[in-house]
Amino acid sequence: FQLPVIAQLSEHRCLVCEPSSSYGSFVFYARYPEFEEMKLLELLTKNGDIFFDVGANIGAISILVSEKMHTAGHIYAFEPTPSLDESLIKSMESKR
C-alpha cells in the first residue's frame, strides 16, 4: 500500500498523484508532460471563461486553468476511466 503524493502545481493548487496512476507518477517525477499545451492555455485563458477538459485524467490542466479564472468562470472536467474519478475529484478540491 502506498499513499498518494501531492505535487504543488501553483501557489494555491496541488495535484493528488496516486502511485497506481502512470500519469500521476509522470506528472510528479517528470513535471508536467503537457508543458506546451499548458503554456498555451495559460496565455488564452482569462477570468470568466468556460473550459471543457475532456479526458481530464487526474486534473492537471483543469487545475492550472482554474488559477487563471480566479473567481469567475466554469470548468467541466470529464474522465471516462472510473479508476481515476477519485483522484480527479481530490485534485480539483485541493487547495494549499
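Leaving aside neighbours within four places in sequence, Val65 is in contact with Leu41, Thr45, Phe51 and Ile75. Contact here means heavy atoms within 4.5 Å. Val65 sits in helix H3. At 3% relative accessibility, Val65 counts as buried. The cut-offs are these: buried is under 20% relative accessible area, exposed is over 50%, and partly exposed lies in between, with a 1.4 Å probe and protein chains only. Val65 and Lys46 are 19 residues apart in sequence, and their C-alpha atoms are 8.6 Å apart in space.

The model is predicted, so local features need pLDDT of at least 70, side-chain atom pairs count only at pLDDT 80 or more, and totals for chains, interfaces and linings use all residues. Residues are numbered from 1 along each chain as its sequence is written, and side-chain values use heavy atoms, with hydrogens and water left out. The score pLDDT is the predictor's confidence in each residue, from 0 to 100. The protein averages a pLDDT of 76, and 70% of the residues score at least 70. Among the elements, strand E3 (residues 50-54) has the highest mean pLDDT, 93. Helix H1 (residues 22-30) has the lowest, 63. Where pLDDT is low, the predicted coordinates should not be read in detail.

Now the overall layout. The protein has 4 helices and 4 strands. Both are DSSP runs numbered from the N terminus: helices (H or I) have at least four residues, strands (E) at least two. Along the sequence the pattern reads β-β-α-α-β-α-β-α. Of the 96 residues, 38% count as buried. Among contacts with a separation of 6 or more, 54% come from residues 24 or more positions apart.

Strand E3 comes next. In a regular strand the side chains alternate between the two faces of the sheet. Along E3, Phe51 and Asp53 point to one face and are buried. E3 pairs with strand E4 (residues 74-78) in the parallel sense, over 5 bridges. Two strands pair if DSSP finds at least two bridges between them. The bridge partner of Ile50 in E4 is His74. That of Phe51 is Ile75. From E3 the chain crosses through helix H3 (residues 60-69) to E4, and this β-α-β crossover is right-handed. With the strands pointing away from the viewer, right-handed means that the path from the first strand over the helix to the second runs clockwise.

How enclosed is H3? It is largely enclosed by the rest of the structure, because 7 of its 10 residues are buried. They are Ala60, Ile61, Ser62, Ile63, Val65, Ser66 and Met69. Ile63, in H3, is buried with a relative accessible area of 0%. The C-alpha atoms of Ile63 and Cys14 are separated by 7.8 Å, although these residues are 49 residues apart along the chain. Just after H3, His70 takes a positive phi of about 55°.

Met38, Phe51, Ala60, Ile61, Val65 and Met69 make up the largest nonpolar core, 6 residues in all. H3 gives the most to this core, with 4 residues. A nonpolar core is a set of buried Ala, Val, Leu, Ile, Met, Phe, Trp, Tyr and Cys residues joined through side-chain atoms within 4.5 Å. What does Phe51 touch? Not counting residues up to four places away in sequence, Phe51 touches Leu41, Ile61, Ser62, Val65, Met69, His74, Ile75 and Tyr76.

The chain then runs on past E4. Thr81 is found in the loop between E4 and H4. With a relative accessible area of 32%, Thr81 is partly exposed. Thr81 and Gly55 are 26 residues apart along the chain, and their C-alpha atoms are separated by 8.6 Å.

Helix H4 (residues 85-93) has buried residues at Ser87, Leu88 and Ser91. These three lie on the same side of H4 because they cover an arc of only 100° around the axis. The arc is taken from the directions from the helix axis to the C-beta atoms. On the other side of H4, Glu86 and Glu93 are exposed. Ser91 has a relative accessible area of 0% and is buried. Ser91 and Ala7 are 84 residues apart in sequence, yet 9.8 Å apart in space, C-alpha to C-alpha.
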